[in-house]
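The notes below are meant to be read side by side with the coordinates.

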Amino acid sequence: MDCVFCKIASGEIPSTRVYEDELCVAFKDLEPQAPVHILIIPREHIASAAEITPANSSIVAHIFEVAAKLAKENGLAKGWRIVSNVGEDGGQSVKHLHFHLLGGRSMAWPPG
Ligand code: 5GP
Ligand code: ZN
């Protein structure tokens with residue numbers, strides 16, 4: 001499958017990894033939108049949050065545990081944001097489930 005995040009998970013495409021385990025990989029976004037901008041992805045190819053089912057939903061809880069740990073490690077005590085863009089209207093450009101962990105600046109709401 002021609003999926004850039006599967007290739008990042010396997011190491012075929014290089015990335016700046018900040019965390020990995022048997023279930024997920026976290027790495028720095030190529031075009032950071034905040035002082036801290038980390039992407040957390042499952043190793044398993046899941047196209048988006050729209051494909052979450054009872055069979056695979058435990059990865060989401062695991063990724064949120066990893067996000068909380070990474071936020072602490074990156075000094076984001078003042079707050080942070082976790083976002084998963086879904087589909088065309090959601091602004092998803094890479095069709096492999098990923099969570100943006102953003103922090104280090106104040107965030108606007110609602111997002112654009
Ligand atoms: P989306 O727009 O799908 O929510 O987010 C995709 C994110 O992946 C974007 O923020 C983009 O900068 C990042 N990205 C796309 N290709 C690569 C890559 O090859 N390496 C890294 N580190 N980030 C990437
Ligand atoms: Zn993939």
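The model is predicted, and its protein chain has three helices and five strands, which run α-β-β-β-α-β-α-β from the N terminus on. The radius of gyration of the protein chain is 14 Å, close to the 13 Å that the globule rule gives for 112 residues, so the chain is as compact as a globular protein of that length.

**Overall dimensions and packing**

- Of the 112 residues of the protein chain, 36% count as buried.
- When contacts in the protein chain between residues at least 6 apart in sequence are considered, 53% of them join residues at least 24 apart.

**Helix H2**

- Helix H2 takes in the 16 residues 58-73, which at 1.5 Å a residue should span 22 Å, and the 23 Å between its end C-alpha atoms agrees with that expectation.
- The buried residues in H2 are Ile59, His62, Ile63, Val66, Ala67, Leu70 and Ala71.
- An α-helix has 3.6 residues a turn, so residues three or four places apart point the same way.
- The cover over the buried residues of H2 includes strand E1 (17-20), strand E2 (24-28) and strand E3 (36-42), together with strand E4 (80-83) and strand E5 (99-103).
- After H2 comes Gly75, whose phi is positive, near 70°.

**The zinc site**

- The zinc ion (ligand 2) is coordinated by two cysteines through their SG atoms, Cys3 and Cys6, and by two histidines through their ND1 atoms, His45 and His96, at 2.0 to 2.3 Å.
- The arrangement around the zinc ion (ligand 2) is tetrahedral, because the four donor atoms subtend angles of 105 to 116°, where the criterion asks that all angles lie between 85 and 135 degrees.
- In sequence, the donor residues of the zinc ion (ligand 2) follow the spacing C-x2-C-x38-H-x50-H.
- Cys3 counts as buried because its relative accessibility is 7%, under the cut-off of 20%.
- Cys6, with a relative accessible area of 22%, is partly exposed, since that class lies between the 20% limit for buried and the 50% limit for exposed.

Conventions. Residues are numbered from 1 along each chain as its sequence is written. Chains are lettered from A and ligands numbered from 1 in the order in which they are written. This is a predicted model: local features need pLDDT of at least 70, side-chain atom pairs count only at pLDDT 80 or more; totals for chains, interfaces and linings use all residues. Side-chain values use heavy atoms; hydrogens and water are left out. Helices (H or I, at least four residues) and strands (E, at least two) are DSSP runs, numbered from the N terminus. The expected span of a helix is 1.5 Å times one less than its number of residues. Buried means under 20% relative accessible area, exposed over 50%, partly exposed in between (1.4 Å probe, protein chains only). Contact means heavy atoms within 4.5 Å. Donors are N, O and S atoms within 2.8 Å of the metal (3.2 Å for Na, K and Ca); water is not among the atoms, so sites may look incomplete. Four donors count as tetrahedral if all angles lie between 85 and 135 degrees; four count as square planar and six as octahedral if opposite donors are over 155 degrees apart and all others between 65 and 115; anything else is irregular. The radius of gyration is taken over C-alpha atoms; the globule rule is 2.2 Å times the number of residues to the power 0.38.
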